[in-house]
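Please keep the sequence and the 3D view at hand while reading.

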Amino acid sequence: MDYFAHTAEGPDGSRLPSSSGRWQPLSVHLLNVANLAKQFAAPLGLSAEAELAGLLHDLGKYRDEFQSYLRGERGGSVETQHAIYGAAWALEPHQQLGSMLAVAGHHSGLHDISDARASAAKSEIFSALPELMRRLESQLGKLPVPPGIPSHVESVLSVEFYTRLLFSCLVDADRLDTACWPAQVPGDLVLDSELLLLR
């Protein structure tokens with residue numbers, strides 16, 4: 001079965017069929033987002049965490065229910081949610097707190113940690129993970145070893161900054177790849193601050 005991340009529209013705004021070749025394959029999107037997030041997070045020393053979050057962020061799109069939704073065979077509902085699956089994998093048993101929060105909130109914003117834990121800990125979420133991971137790894141290979149939380153992230157304040165920086169890298173990567181598909185994300189542009197400040 002083919003798994004997709006996004007559909008595509010024609011010039012008139014109507015949905016193109018999957019046979020158009022314009023729908024974005026899920027494996028391509030996950031790799032693109034992982035690579036962009038890793039690049040964005042490198043100056044922060046968080047590249048391993050950001051790459052993992054990028055690979056996990058749309059894990060739930062491997063569900064049959066989500067693929068049916070993309071094909072227009074069903075409407076959106078709780079059955080088509082997707083962010084919580086990657087968050088659940090990051091949480092247990094891997095304890096990737098920053099990745100869990102970033103993945104869980106990549107569409108809706110950062111959640112309170114207790115709310116995110118409660119959502120990710122539901123039995124129906126965990127029971128779906130083995131098959132979702134099998135599908136992901138059949139396309140992308142084994143995920144990298146979870147790097148754990150950096151040793152310098154100790155205080156409440158440092159946890160807050162760590163989580164928000166990781167979240168920012170993931171969301172920027174996801175939105176850029178989605179907006180630019182099917183073209184490649186353009187390279188970094190040099191910031192002309194004087195020009196921007198004069199506007």
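Helices (H or I, at least four residues) and strands (E, at least two) are DSSP runs, numbered from the N terminus. On that basis, the chain contains nine helices and two strands. The model is predicted.

**The chain as a whole**

- Read from the N terminus on, the elements follow the order β-β-α-α-α-α-α-α-α-α-α.
- A compact globule of 199 residues would have a radius of gyration near 16 Å, and the value of 17 Å for the chain agrees with this.
- Taken along the principal axes, the box filled by the C-alpha atoms is roughly 50 × 50 × 30 Å.
- Buried residues make up 41% of the 199 residues of the chain.
- The chain exposes about 10,600 Å², of which carbon and sulfur atoms supply 55%.
- Among contacts in the chain with a separation of 6 or more, 66% are accounted for by residues 24 or more positions apart.

**Helices α4 and α6**

- Two packed helices are described by the angle between their axes and the distance between the axes.
- Helix α4 covers residues 83-91 and helix α6 covers residues 113-120; their axes come within 9 Å and cross at roughly 100°.
- Angles from 65 to 115 degrees count as roughly perpendicular, and α4 and α6 are therefore roughly perpendicular to each other.
- On the α4 side, the contact is made by I84, A87, A88 and L91, while α6 contributes A116, R117, S119 and A120.
- Sorted by class, the residues in this contact of α4 with α6 are six nonpolar, one polar and one charged.

**Helix α5**

- Is helix α5 mostly covered or mostly uncovered? Helix α5, residues 97-104, is mostly covered, with eight of its eight residues buried.
- The buried residues of α5 are L97, G98, S99, M100, L101, A102, V103 and A104.
- What covers these buried residues includes α2 (47-56), α4, α6 and α8 (156-180).

**Residue S27**

- S27 lies in helix α1, which spans residues 26-41.
- Buried means under 20% relative accessible area; S27 has 17% relative accessibility, so S27 counts as buried.
- Not counting residues up to four places away in sequence, S27 touches Y62, Q139 and L140.

**Residue H94**

- H94 is located in the loop between α4 and α5.
- With a relative accessible area of 25%, H94 is partly exposed.
- H94 is in contact with W89 and P146, leaving aside its neighbours within four places in sequence.
- H94 and P147 are 53 residues apart along the chain, and their C-alpha atoms are separated by 9.1 Å.

**Residue M1**

- M1 belongs to the segment before β1 (4-6).
- Is M1 buried or exposed? Exposed means over 50% relative accessible area; M1 has 56% relative accessibility and therefore counts as exposed.
- Not counting residues up to four places away in sequence, M1 touches D64, Q67 and R71.
- From C-alpha to C-alpha, M1 and L143 lie 21 Å apart in space, and they are 142 residues apart in sequence.

How values were computed:
Residues are numbered from 1 along each chain as its sequence is written. This is a predicted model: local features need pLDDT of at least 70, side-chain atom pairs count only at pLDDT 80 or more; totals for chains, interfaces and linings use all residues. Side-chain values use heavy atoms; hydrogens and water are left out. Axes are lines fitted to C-alpha atoms, for helices over the stretch in contact, and angles run from 0 to 180 degrees between N-to-C directions. Angles under 35 degrees count as roughly parallel, over 145 as roughly antiparallel, 65 to 115 as roughly perpendicular and the rest as oblique. Contact means heavy atoms within 4.5 Å. Ala, Val, Leu, Ile, Met, Phe, Trp, Tyr, Cys and Pro count as nonpolar, Asp, Glu, Lys and Arg as charged, and the others, Gly among them, as polar. Buried means under 20% relative accessible area, exposed over 50%, partly exposed in between (1.4 Å probe, protein chains only). The radius of gyration is taken over C-alpha atoms; the globule rule is 2.2 Å times the number of residues to the power 0.38. Accessible areas come from the Shrake-Rupley method with a 1.4 Å probe; for residues, only the protein chains shown count as cover.
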